[in-house]
Amino acid sequence: HVRLVCWILCFCLLPSSMGALCSCCCGTRDVVPDAPDVIIPDPEEDEQIVVTIDQAAIASRDYLAYRGLGTEDRNERWFFLNKSGSKWGGNVQMEVENFVRGLDPNDENKGQVLWRSDFIDQPFFQQQLRDVGGSMLQFAFTGFVDSMFDRPHYDDGYYISHGGGWDRDYRTSLFLNWNMRTEASLSSTVRKGFGFPVKLVVYAQGTGVARYFEVEEPIYEERGEGENRQRVQVGTRRRWERHEREYVDFVQFAVCDVASGQPVVDQFGAAVVFTVHGDSADWTNNCSTNEIGGNSEFIIVAGDSTDWTNNYATKFFDVQQRGGWFTKDPPTITTKAGVDPALALLIAHLCTKEFSTAQIKSNFHPRFPYDPLSAVFGFF
């Protein structure tokens with residue numbers, strides 16, 4: 001029976017290339033990908049690199065970083081991004097490994113870990129339910145900096161009309177304004193990094209919309225007996241239904257000193273904080289530069305971060321990813337010179353996968369009431 005279960009899991013985790021094995025055989029990793037014929041040396045800690053990140057196997061939580069723009073050549077595999085820990089929303093780890101294996105006596109398939117991150121897979125969301133035009137209360141934390149751009153969630157009408165496709169005679173609408181704050185540690189035993197413990201703090205704000213309509217249903221009774229028995233409508237009843245949409249307005253990332261909790265600064269004295277616009281607006285057409293507002297202490301990223309794409313620039317990396325309704329290309333990461341590329345790769349993967357617009361929306365579960373007329377407004 002154990003072999004049968006293992007075979008089934010292996011079938012479910014079919015590898016993207018030959019050589020991958022299933023997690024029930026391999027302990028703390030979903031797959032064990034084949035190493036390249038010649039292991040690519042680790043980059044220098046200030047070197048700029050270009051990598052493309054692809055899923056290691058179908059349904060796997062692990063990823064491979066390939067040197068350059070493609071993901072087909074096994075010999076261009078540079079790093080393995082191994083996610084382990086809880087699969088049910090608890091504590092998890094993400095490790096950036098090279099293919100120098102055999103150093104860990106407890107795991108012969110483990111490569112040398114250059115950087116590691118520990119975080120909670122499903123963070124907590126604070127939600128505020130309100131009526132159309134109702135006051136939006138102040139969250140306890142609104143980010144490290146005041147992002148100086150037009151936040152569309154201040155305009156209820158924007159969300160009523162955004163995207164189109166509403167197709168009912170709606171009786172009323174309710175709004176949920178939400179925020180999420182979480183963090184991921186960043187640690188290394190072999191790379192210099194900042195020289196002191198740091199973490200990635202992630203803050204996001206978004207909006208949910210529920211538009212309610214009534215559905216009238218007939219009420220029937222069985223009347224008569226024998227051949228004369230028939231089903232007769234005796235009345236109607238009404239029930240509420242709703243259409244929902246959720247949006248990520250923006251996500252803010254900050255590399256912070258663990259001791260002080262404040263963002264670290266780069267070589268120019270600017271805080272390492274960057275804000276990525278979510279899927280609630282077409283920011284690509286609104287932004288023409290990587291920095292807006294003339295404030296050198298933070299960066300507002302031009303580009304997009306949607307369910308299917310990630311295209312923006314930060315102080316650590318640039319990312320390009322195309323996509324559509326049914327598929328999306330693997331993201332290509334270009335790290336910045338002067339930044340440890342292995343650390344930049346880890347942060348880029350966290351930003352574009354674990355804390356991406358798509359993943360945040362997947363983790364968010366709006367708590368709209370069944371009956372909008374008896375809704376209790378406020379925080380929960």
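Strands β2 and β3 pair in the antiparallel sense, joined by four bridges. The model described here is predicted. These two strands belong to an open sheet of nine strands with antiparallel pairing, ordered β5-β4-β3-β2-β1-β15-β14-β13-β12. In the protein chain as a whole, the secondary structure comes to five helices and 16 strands.

**The sheet and its strands**

- Strands of a sheet pair through backbone hydrogen bonds, either parallel or antiparallel.
- The edges of the nine-stranded sheet are formed by β5 and β12 (304-305), each of which pairs on one side only.
- Helix α4 packs on this sheet and touches β1, β2, β3, β4, β5, β13 (310-313), β14 (317-320) and β15 (332-335).
- The direction of α4 makes an angle of about 40° with the direction of β5.
- Strand β1 (residues 50-55) runs antiparallel to strand β2 (residues 63-67), and five bridges join the two.
- Within this pairing, valine 51 has arginine 67 of β2 as its bridge partner, and aspartate 54 stands opposite leucine 64 of β2.
- Leucine 64 also has a bridge partner in β3, namely phenylalanine 80.
- Strand β2 is mostly covered, with four of its five residues buried.

**The loop between β1 and β2**

- Alanine 59 is found in the loop that lies between β1 and β2.
- Its phi is near 70°, a positive value in a residue other than glycine.
- Most residues other than glycine have a negative phi.
- Alanine 59 has a relative accessible area of 55% and is therefore exposed, the cut-off for exposure being over 50%.

**Salt bridges**

- Side chains of opposite charge can pair when their charged atoms come close.
- The structure holds 27 salt bridges.
- One of the salt bridges joins lysine 83 to glutamate 354, with the closest N and O atoms 2.9 Å apart.
- Because lysine 83 lies in strand β3 (residues 77-85) and glutamate 354 in helix α4 (residues 341-354), the pair ties together parts that are 271 residues apart in sequence.
- Both partners are covered: lysine 83 is buried at a relative accessible area of 5%, and glutamate 354 is buried at 7%.
- Arginine 223 and glutamate 221 meet through their side chains in a salt bridge of 3.5 Å, N to O.
- In that pair, arginine 223 counts as partly exposed at 43% relative accessibility, and glutamate 221 counts as partly exposed at 39%.
- A salt bridge also links glutamate 222 with arginine 229, where the closest N and O atoms are 4.0 Å apart.
- Here glutamate 222 has 43% relative accessibility and counts as partly exposed, while arginine 229 counts as partly exposed at 47%.

**Surface patch**

- Ile39, Val100 and Leu103 make a nonpolar surface patch of about 240 Å².
- Leucine 103, a member of this patch, is located in the loop between β4 (91-101) and β5 (111-120).
- With a relative accessibility of 56%, leucine 103 counts as exposed.

**The protein chain as a whole**

- The protein chain has 380 residues, and buried residues make up 47% of them.
- Among the contacts in the protein chain with a separation of 6 or more, 63% are accounted for by residues 24 or more positions apart.
- The protein chain exposes about 19,000 Å², and carbon and sulfur atoms supply 51% of this area.

Conventions:
Residues are numbered from 1 along each chain as its sequence is written. This is a predicted model: local features need pLDDT of at least 70, side-chain atom pairs count only at pLDDT 80 or more; totals for chains, interfaces and linings use all residues. Side-chain values use heavy atoms; hydrogens and water are left out. Patches are made of residues with over 30% relative accessible area and no salt bridge: like charges are joined within 9 Å, nonpolar side chains (Val, Leu, Ile, Met, Phe, Trp, Tyr) within 5 Å. Accessible areas come from the Shrake-Rupley method with a 1.4 Å probe; for residues, only the protein chains shown count as cover. Buried means under 20% relative accessible area, exposed over 50%, partly exposed in between (1.4 Å probe, protein chains only). Two strands pair if DSSP finds at least two bridges between them. Contact means heavy atoms within 4.5 Å. Axes are lines fitted to C-alpha atoms, for helices over the stretch in contact, and angles run from 0 to 180 degrees between N-to-C directions.
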